Amino acid sequence: MLRQLLLLSTSGIKLYSKVFIGDETKQLSGLITAMLDFCEKKTGLPMSYVEMSKIGVAIAKDSKRKLICCLIIDKQDGREFGRLIAQMMLEEFLRMYPNARHTDDFTGFNTKISEVIWGSIHPILDSLIEQHRGVQLALLTSGDSIKHATHQIDKLGLLANLQALLRVATNIMASQNDQPLSMEIKGVKNRIIISRIERTTFIVACRNSVDERLTNLQVEATAQLLKTVLVIGSNIQDVWKIR
């Protein structure tokens, strides 16, 4: 779960802060800028993630625009999630406020937080395709819609066949007092991995000629990252409804 989102200048001036759980961490702006300066001076590299016993702190920085995004999350949400969302939050903030000053009103950014989280589904799926040659296609469906697909596909045909396949799998598993969580369909050259994640279906087409064990590990890691996005995205929406 998100704990706090903070956007500040590289000089340590707080521009925007949103607390989701607990109280706002005091003097966080100064601590973050001090840590960044120390890391860059000692290693010559920017700091992007710090993990503690219960929380993780993801940091994204735009040196040219002199702006930093700090995102505090639960440790189990993971480094990849934290770094991705922090970078996307920074980019969206800069898009909305290209010449931000600490005296400006940034309350309009509140409504963008959940949009950024849901929007992370696109780069997550695209990254799976770009970084792993064993994966040919990845998409996420929800009910009768496709959240994102990495390639052009016949959406109506795919959704109709998918729903029929899931119904058959559900009926078979129900006869054993169980429910389907994942399935694999293997052909001569390719295979399809279908996984249920929350209320969505994650579909990946893979090449049989590429290391199956490695491909499966990457698909599982992506599925876990998608689950984190879906759970936190839903929680953020619930927070807005309550408030």
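## Exercise 1: A bridge between a helix and a strand

Glu40 counts as partly exposed, at 29% relative accessibility (buried means under 20% relative accessible area, exposed over 50%, partly exposed in between, with a 1.4 Å probe and protein chains only). Before going on, note that this is a predicted model, in which local features need pLDDT of at least 70 and side-chain atom pairs count only at pLDDT 80 or more, while totals for chains, interfaces and linings use all residues. Residues are numbered from 1 along each chain as its sequence is written, and side-chain values use heavy atoms, with hydrogens and water left out.

**Task.** Find the residue with which Glu40 forms a salt bridge, and say which elements the pair links.

*Solution.* 
1. Use the rule for a salt bridge: a side-chain nitrogen of Lys or Arg within 4 Å of a carboxyl oxygen of Asp or Glu.
2. Lys61 meets the rule, with its closest N and O atoms to Glu40 lying 3.2 Å apart.
3. Lys61 sits in strand E4 (residues 55-62) and Glu40 in helix H1 (residues 28-43), so the pair links distant parts of the chain, 21 residues apart. Helices (H or I, at least four residues) and strands (E, at least two) are DSSP runs, numbered from the N terminus.
4. Lys61 is partly exposed, with a relative accessible area of 29%.

## Exercise 2: Bridges within helices

**Task.** Work out how many salt bridges there are, and look at how Glu92 and Arg95 are placed in helix H2.

*Solution.* 
1. The count comes to eight salt bridges.
2. One of them joins the side chains of Glu92 and Arg95, at 2.6 Å from N to O.
3. These two residues are separated by about one helical turn, because Glu92 and Arg95 are three residues apart in helix H2 (residues 79-96).
4. Glu92 is buried at 16% relative accessible area, whereas Arg95 is exposed at 53%.
5. Now try Glu115 and Lys112, whose side chains meet in a salt bridge of 3.4 Å, N to O. They lie three residues apart in helix H3 (residues 112-119), again about one helical turn. Glu115 is partly exposed, at 46%.

## Exercise 3: Cysteines

**Task.** How many disulfides are there in the whole structure?

*Solution.* 
1. Recall that a disulfide is a pair of cysteine sulfur atoms within 2.5 Å.
2. Searching the whole structure gives zero disulfides.
3. Take Cys39: the closest cysteine sulfur, in Cys70, is 14 Å from its own, too far for a bond. Cys39 is buried, at 17% relative accessible area.
4. Cys69 is in no disulfide either, as the nearest cysteine sulfur, that of Cys70, is 7.2 Å away. Cys69 is buried too, at 0%.

## Exercise 4: The whole chain

**Task.** Which box do the C-alpha atoms fill, and what share of the residues is buried?

*Solution.* 
1. Count the elements: the protein chain has six helices and 10 strands.
2. Along the principal axes, its C-alpha atoms fill a box of roughly 60 × 45 × 35 Å.
3. Of the 243 residues in the chain, 43% are buried.
4. Finish with Gln136, in strand E6 (residues 135-142). Gln136 is partly exposed, at 30% relative accessibility. From Gln136 to Gly157 is 21 residues in sequence and 19 Å in space, C-alpha to C-alpha.
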